[in-house]
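Subject: Handover of a structure, with notes on its pockets, cavities and salt bridges

Dear colleague,

I am passing the structure below on to you, and my notes on it follow. Please read them alongside the coordinates.

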Amino acid sequence: MQPALDTVASWARDWKVQASASKCCFTTFTLDPKECGGKVVPTLKFSGEPLRYDPNPTFLGITFDDQLTFSSHISSLKDRMAKRRQCLQALAGKTYGAHRRTLRTAYITYIRSVFEYGAAVYFTHASPALRAKIETEQNRCARIITGCILPTNRAALLAEADLPALTVRAKELAATEASRIARLPAEDRAKQLLERDPRPRLKYRAHEAWKRACAQAAEEGRPEPALPDEDALLPHKPCIRRVGQWTLREAGVSDCPAEPFLRVSPEPPWSAHQGSVTFIVDLPTTTRRTDPPDKRREAAERALAALPAPDCSIWSDGSAAGGTSNGGGGAAIILHRENDRRIECLAAAGTHCSSTRAELVAVREALKSLASLPADSLDAIKEIRLCTDSRASYAHMRSRLWGGPLPSLGHVLGGSATLIFEYLRRVGRVDPPVDAATAVAAPAATA
């Protein structure tokens, strides 16, 4: 290790980078019982200064140990969750307590979020005994949410609270991360690491114990014992790679092609055409989903009547079964300059997709069909109106994909609020988002 440190120190000197050795530390990872636990500590130096040995260093919020059991991290995590549980207990007072839905939301956002950070890495690798420590904290929170008594069966308790076991949640996170990494470019180091197939070395003790229990049950004529955990089927030590790929196989999506991430310009495509692209999300009359269809239709027609007459109208729609599978989208294109000639296009959005993606596929296919029209038809189109009923698609197109701003709070609140937003913009604070329209609306703030 010392030659590697000397190489780093040489690079730092060449590039005039000064590192503080007093703030650096090192640890060793080993399974040898004669070396673990700080029994053997090498002497290492960086730029001539000795480095401090730390048996439990913390890196990016995760506490490590020499055998990668993550026992120190899980113990600290349990204490943090227990401390936050007191806030949940205060919300669940007997005379003034919040509703069960509110308590469940508070638990997921304030307490379980502590567990979820890095759970795809540390919790999939932890032993069943360490996992049980964190599961106990969730069970206590579930009793607060539901009001169930202590002897309540654990499975029934979590079902009543509508919460998955944390081991299941960790597998979901591992599968999500594995599917995300699979969409990265082939040259990405994370994808190369995920697709690597090293020879497994460590056997999974939970699997070995379950196999011995099965063999003993077979000899005694008893039924096969239940799995202590789903990943006990894995013969080797679980990790994010092994658990993520196994979960995707069990879900039946491991053979599905992974769509690469879309690389787009940081600037929205309409930035070169200032003033010619307008997003309208508000109706002249406020409506709700519970309003009668006639009232909602009248509000939509009034909004459309207030817009300039278009040369082309596009009506898009997309959906997915249950919002997650067998999605598809379609669009109707009406060319008003050609006696309202109608063009219809349909496209599949994928076996596994969301309703938002299905809607975006419908928009994409409509624009592709429009771009394929003959030159004389395209020359006659100056104004295009695209109508979609998906607000999530609008937010994706306007904000997430290109980083453009959503409608400003100045537009929503109006009045003197625009002066505050202009001040925030001028001092460099752009959260909440402030767009150019707000700046125009508040000339008095320049004083």
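Contact is used here for heavy atoms within 4.5 Å. This is a predicted model, in which local features need pLDDT of at least 70 and side-chain atom pairs count only at pLDDT 80 or more, whereas totals for chains, interfaces and linings use all residues. Residues are numbered from 1 along each chain as its sequence is written, and side-chain values use heavy atoms, with hydrogens and water left out.

Ser313, leaving aside its neighbours within four places in sequence, is in contact with Ala332, Ile333, Ile334, His336 and Arg385. Ser313 lies in strand β7, residues 312-321 (helices, H or I with at least four residues, and strands, E with at least two, are DSSP runs numbered from the N terminus). With a relative accessible area of 4%, Ser313 is buried (buried means under 20% relative accessible area, exposed over 50%, and partly exposed in between, with a 1.4 Å probe and protein chains only). The side chains of Ser313 and His336 are joined by a polar contact of 2.7 Å (a pair of N or O atoms within 3.5 Å, where within protein one must be able to donate a hydrogen and the other to accept it, and residues adjacent in sequence count only if both atoms are side-chain atoms).

His336 also belongs to the lining of the second largest cavity, together with Asp311, Leu335, Arg337, Glu338, Leu373, Ser377, Ala380 and Ile381. On a 1 Å grid over the protein atoms alone, a cavity is a set of points where a 1.4 Å probe fits but cannot get out, a pocket is an open set with protein on both sides within 12 Å along at least five of seven lines, and lining residues have an atom within 4 Å of a point. The second largest cavity holds about 30 Å³ of space, where a volume is the space filled by probe spheres set on the points, and grid points are joined across faces, edges and corners.

Two of these lining residues, Asp311 and Arg337, meet through their side chains in a salt bridge of 2.8 Å, N to O (a side-chain nitrogen of Lys or Arg within 4 Å of a carboxyl oxygen of Asp or Glu). This pair links distant parts of the chain, 26 residues apart, with Asp311 in the loop between α11 and β7 and Arg337 in the loop between β8 (325-335) and β9 (341-352). Asp311 counts as buried at 6% relative accessibility, whereas Arg337 is exposed, with a relative accessible area of 58%.

The structure holds 24 salt bridges. One of them joins the side chains of Arg154 and Glu135 at 3.4 Å, N to O, and this pair too links distant parts of the chain, Arg154 being in helix α6 (residues 154-161) and Glu135 in helix α5, 19 residues apart. Arg154 is partly exposed at 39%, while Glu135 counts as buried at 6%.

The largest cavity has a volume of about 40 Å³, and its lining consists of Phe123, Thr124, Arg131, Thr167, Ala170, Lys171, Asp231 and Val243. Helix α7 gives the most to this lining, with 3 residues.

Finally, the second largest pocket contains about 1,300 Å³ of space. Its lining has 36 residues, of which Leu68, His125, Leu202, Lys237 and Cys239 lie nearest the centre.

Best regards
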